[in-house]
Amino acid sequence: MMHLPMAHLIALSTHVPPYELPQEMVKIVAKRVLGERYPEFERLTKSFENAVIDRRYSAVPFEWFEQPQDWPSRTLAYLQGAPEMFIGAAQNALTAAGWTADEVDCIVTVTSTGIATPTLDARAMVTMPFRSDVHRVPVFGLGCAGGVSGLSIAARLASASPGSKVLFVCVEACTLSFREDRLQKADIIATVLFGDGAAAACISTEGNSLGQFGHGEEHTWPDTLAIMGWDVDEAGFGVVFDRSIPEFVKQHFAAAVESGMERMGLAQADLARIICHPGGAKVVDAIEGALHLGQDVLDHERGILRDYGNMSAPTVMFVLERLLADAPHGQMMLAALGPGFTASLLPIRFAA
């Protein structure tokens, strides 16, 4: 039986859009837009402080949120902002890897916050000189798990074609789903938590390695469709973000991690660190508790949440980028939770 070479992380880069949203200003604007029409808004304002987020970034300025938006206007904003984020993250990753766009053999693109056909990779080709025969693999709907699942897909493709150069780009414009019409608690929490961002990784079986990927695993729990996702109507996406998520993590995440790692041939004791998607302050606390990690072990996760908010799929790659600055070593594992409800796991080993 032929054993394929493992894929390596050659470079990683992150990118945020131009508009900074300080959390205190978000609260002021949200109160102006929602306060008079949403009786519970004042009671929920404490969520802006409890989220432990200082700032986020958006593809659109504050003024955009103060005007009524619908599906066409949200899509227009996505088609203007998402390609810019794609190009910014991709170009920086390619430069860090020492690759040029025309050397890329495959582009894996993950997004869940807007619909574009032609997809973002094709739109980026207008600016970036990718080859006409580059393989394009757009993936939609993975939500917050998309960073880990997307890296896993890209790593498998690189391993299956030894020596090929795979570019993974993850782009989310979560702020465009701001809803002033539904006035549900989940929409207020989304206003408190979510920001926009992008990340890109260069992956290959050859080159100067930042870390070696193993084979990723996923666990999807039955009868959990209502926990996380989108409602879709004429106004656009409406967030589904159930309040039960932290408690669900406490009760079920550890068993999913244990079974996934068993299939990887690993145990939690083998890990120098777990690298998590910080879905929110309560979710980070729940992960630490479920896995018995100890309080504040997920320090980079909290730091990224504070500085950028929850950007959905790219957020875990922001955490990984910050960890790389610490010159990590040993066996680690990326982990994220997303719609399905699904846990996505991907081992990565850093040289001693």
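A residue is called buried when its relative accessible area is under 20%. I begin with that cut-off because it decides how we read the residue I wish to discuss, G146, whose relative accessible area is 0% and which is therefore buried. Please keep in mind that the model before you is predicted.

Where does G146 lie in the chain? G146 belongs to helix α7, which spans residues 146-160. Beyond its neighbours within four places in sequence, G146 is in contact with V110, L151, F168 and A313.

Let me now turn to the chain as a whole. The protein chain contains 12 helices and 14 strands. Its radius of gyration is 19 Å, close to the 20 Å that the globule rule gives for 352 residues, so the chain is as compact as a globular protein of that length. Along the principal axes, the C-alpha atoms occupy a box of roughly 65 × 50 × 35 Å.

What share of the 352 residues is buried? Buried residues account for 59% of them. Among contacts with a separation of 6 or more, 79% join residues 24 or more positions apart.

I close with the surface and the charges. The protein chain exposes about 14900 Å², and carbon and sulfur atoms supply 54% of that area. There are 26 positive and 41 negative side chains, and the centres of these two sets lie 4 Å apart.

Conventions
Residues are numbered from 1 along each chain as its sequence is written. This is a predicted model: local features need pLDDT of at least 70, side-chain atom pairs count only at pLDDT 80 or more; totals for chains, interfaces and linings use all residues. Side-chain values use heavy atoms; hydrogens and water are left out. Helices (H or I, at least four residues) and strands (E, at least two) are DSSP runs, numbered from the N terminus. The radius of gyration is taken over C-alpha atoms; the globule rule is 2.2 Å times the number of residues to the power 0.38. Buried means under 20% relative accessible area, exposed over 50%, partly exposed in between (1.4 Å probe, protein chains only). Contact means heavy atoms within 4.5 Å. Accessible areas come from the Shrake-Rupley method with a 1.4 Å probe; for residues, only the protein chains shown count as cover. Lys and Arg count as positive and Asp and Glu as negative; His and the chain ends are not counted. The place of a charge is taken as NZ of Lys, CZ of Arg, CG of Asp or CD of Glu.
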